[in-house]
Structure formats: C-alpha cells, structure tokens
Amino acid sequence: MPTRPQKRSGTAAEPAVAPIPLAQLSAISPYQQGQSTIEGRDAVIKLSSNEGCFGPSPAAVLAYQRVASELHRYSDGSQTRLREAIAKVHDLDAARIICGNGSEELIGLLTRCFLGENDELVLSENHFVMCSIYGKAQGALIRLAAEENFTTSVDEMLKLVTPKTRMIAVANPNNPTGTYLPIAEIERLVEAVPKHVLVLLDGAYAEYVEELDYDAGLRWARTAPNVVMTRTFSKMYGLAGLRIGWAYGPAAIIEILNRVRTPFNTSVPALAAAEAAIQDFDHVKRVTAHNSRWQNVLQNELGALGIHVVPSVANFYLMHFENIPGKSAGQAGDYLRSRGIIPRPAGDDRCLRLTVGNDEENQAVVDALRDYVRS
Ligand SMILES: Cc1ncc(COP(=O)(O)O)c(C=O)c1O
C-alpha cells in the first residue's frame, strides 16, 4: 500500500481541514510543457515541443473531418481498426497492440501496473521527464545512470540494477539529447536484465531514424517476455493535439494494461486520423527527407559558429555554448525569444533543445544564433 504522511493534521476531536494526498506526491514537480507564447508578440516560431513541422498528414485531416458527425458516439473501446492497421504496416499480431491517449498514457499505465512502493526504476540521466514523474507517483525510487557524450550508457544502467529493480526505461532516440543506441547495445541491455524486470523501449521518435543499426524495439518486444515498445502519432504523424499512441509487447503484459485503462481512452477522431496517418507513407518520406537534410545543415552551420550541437537522429537537437567564452544557454534562449523563436531549456538549463522546423523557421534560428554569438 502506498504510504501517507506520518503526521496527519487532524484528530477525531479536530478533523483535518482537507483531504491528505499520498506522501510521495510531494516530491513531484509538475511537468513543464514547452512554452508556446511570448508576451507582446502575436506571431512566434514555436520550437519547444518537438511537434511535426509539416503538421498532420493530409490523409489524417480528411479522416478526422469525416468523423465530425459521429462525435456523439463513444469510440470503439477495442480499438480494432487502428490496431489492425498498425499490425499490417509493421507485420505484428494485432492482439498484442494497445492504443493510448498519447504514448504517455501507456508509459503511465506500465508504471502503475509494474512498479510499486520502494521498487527501483532505472533511467538515463537525461530522460523523458514523465517517466520519473510516474515512478515517483508510485513511491518508487528513481536511479539515474550517467551518460557518455549525451548518450545513454548501457554499462551505467546495468550498474544500477539491484534485486529491487522492477523497471528500466530507455527512450531511443532519447529526448532531450536526440542520440540513439544501436541494436547491439539494446541487445546487451535486454540480455543482461533479469526477466522479471520490465524493459520499456520508448520509440517516440523512431520514424525519423535512418541509421541501419537501429531498431525501435520490435525485435525484442516480439519475443522477450519482459520488453514493451511504445510509439506515438504525435511526432512524425503530426497528431500531438489528438493524443494517440500505441504499444506492443507480450500478450500477458498488454492484457494487464487493458484491465486498467479507461474503456474509451482513445477518441473517435484520434482513432480515425491515426488509422489514415499510419498508411500515409508519402508523408513519412517527405518529413524524413526534410528532417535529415536540416539536421545536417544545422549541425554544420551552428557548429561553424562554435556552438556544440549534439548529433541527433530525431526531429530536434540539443546544444550548449560552453565552448564560447561569455555565452550561455540561458542568454541564448533569451536572445532567441527576443527574435520570436521559442526554444526549450534542457539539461538543468545548461542546454537548449530546439525542434527542427520548416525551412524559414530553421533559417531564422541560424540567423538569430549567428547574431547572438557575434554580439
Ligand atoms: C521520449 C518521449 N516519449 C514519449 C512522449 C510522449 O508522447 P505522446 O504522449 O504525445 O505520445 C514524448 C513526448 O514528447 C517523448 O519525447
């Protein structure tokens, strides 16, 4: 049972004046969303949340519009059509797919179902923040593995595995770093971890990765009894506002998640748009080509200014200014905002993370950072 505060403020004679939350919740700071406005400016370039820079696929928008007159209906609680569409595209068993209100919901459900009070959750030093928030809410202990060059280290993660470890989560590519682990490294992690430990492979940015030695997690989620892969429609498919993601894993784990999720966790428009989006291969091709072209340009142009840009395989990039005397991420962030560009502070505010935007947005970033560095 989760703990409650030792000292209650009420007695029988003098009752508490308000309900008392679980003690472990006091250790949680609310998730900070990417900023979306700048005071005094009507138009901004929002590069703070890794959203798809081309918006949703046109096929998804059409599907969304088509169900507008069906909004009085509950959605299909069994998510059959979307699960079957995903299964067809990825050659999977539809029965082992679960869809969620964003992949975030599925990460939260996995944590709730498999992590208890005083269990240990191993994460990389720079991890997707919701993982530690969900872990803390369970009263679990968060163990953070040091990184090497902003990259998850399997050796450091394995050093933290103890008899109390119940879950390990790796975002691959990782957010906020944008770096990835090749197949051989994930293989080493999965092989070394005891089978009673849940391994969550979060592939939120998988569609952007072109490296041949990468696998989002399916090769392990298909066969290992303890590996679950999560995916999202929020990034490549541009459906962040609809909230839809999915997971694949062992039948026994997916069945547990289905027991505790809300019956209609995925909405009518989200299911329809995602079903169309996953079959829009042209959209994926177009976005991937744009993203990798700009990742190269940004790496070169910003690198030439002396800015350290962490090599990224996702649709965002992390930078720091520690090599440039007198410059800092905090100042650079202020400068970008003064030019109408919204980055996201990361890495304890020592870094900035920016989404790859459209051509004009990316050029505006390069121009602004050139002016900042030379100022
Ligand atoms: C690594 C990672 N995982 C999961 C998510 C959650 O995505 P969503 O809930 O929109 O599917 C995000 C969102 O930014 C992310 O960066």
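**Helix packing and a strand**

Guide: Helix α11 passes helix α12 in a right-handed crossing. A crossing is left-handed if the near helix is turned anticlockwise from the far one by less than a right angle, and right-handed if clockwise. This is a predicted model: local features need pLDDT of at least 70, side-chain atom pairs count only at pLDDT 80 or more, and totals for chains, interfaces and linings use all residues. Residues are numbered from 1 along each chain as its sequence is written.

Visitor: At what angle do α11 and α12 pack?

Guide: Helices (H or I, at least four residues) and strands (E, at least two) are DSSP runs, numbered from the N terminus. Axes are lines fitted to C-alpha atoms, for helices over the stretch in contact, and angles run from 0 to 180 degrees between N-to-C directions. For α11 (residues 329–338) and α12 (residues 359–374) the angle is about 130°, and the axes are 10 Å apart. Angles under 35 degrees count as roughly parallel, over 145 as roughly antiparallel, 65 to 115 as roughly perpendicular and the rest as oblique. The two helices, α11 and α12, are therefore oblique to each other.

Visitor: Which residues cover the two faces of β10?

Guide: A residue is buried if 20 or more other C-beta atoms lie within 10 Å of its own, exposed if 12 or fewer, and partly exposed in between, with C-beta atoms placed from the backbone. F316, L318 and H320 on one side of β10 are buried, as are Y317 and M319 on the other. Because 5 of the 5 residues of β10 (residues 316–320) are buried, the strand is largely enclosed by the rest of the structure.
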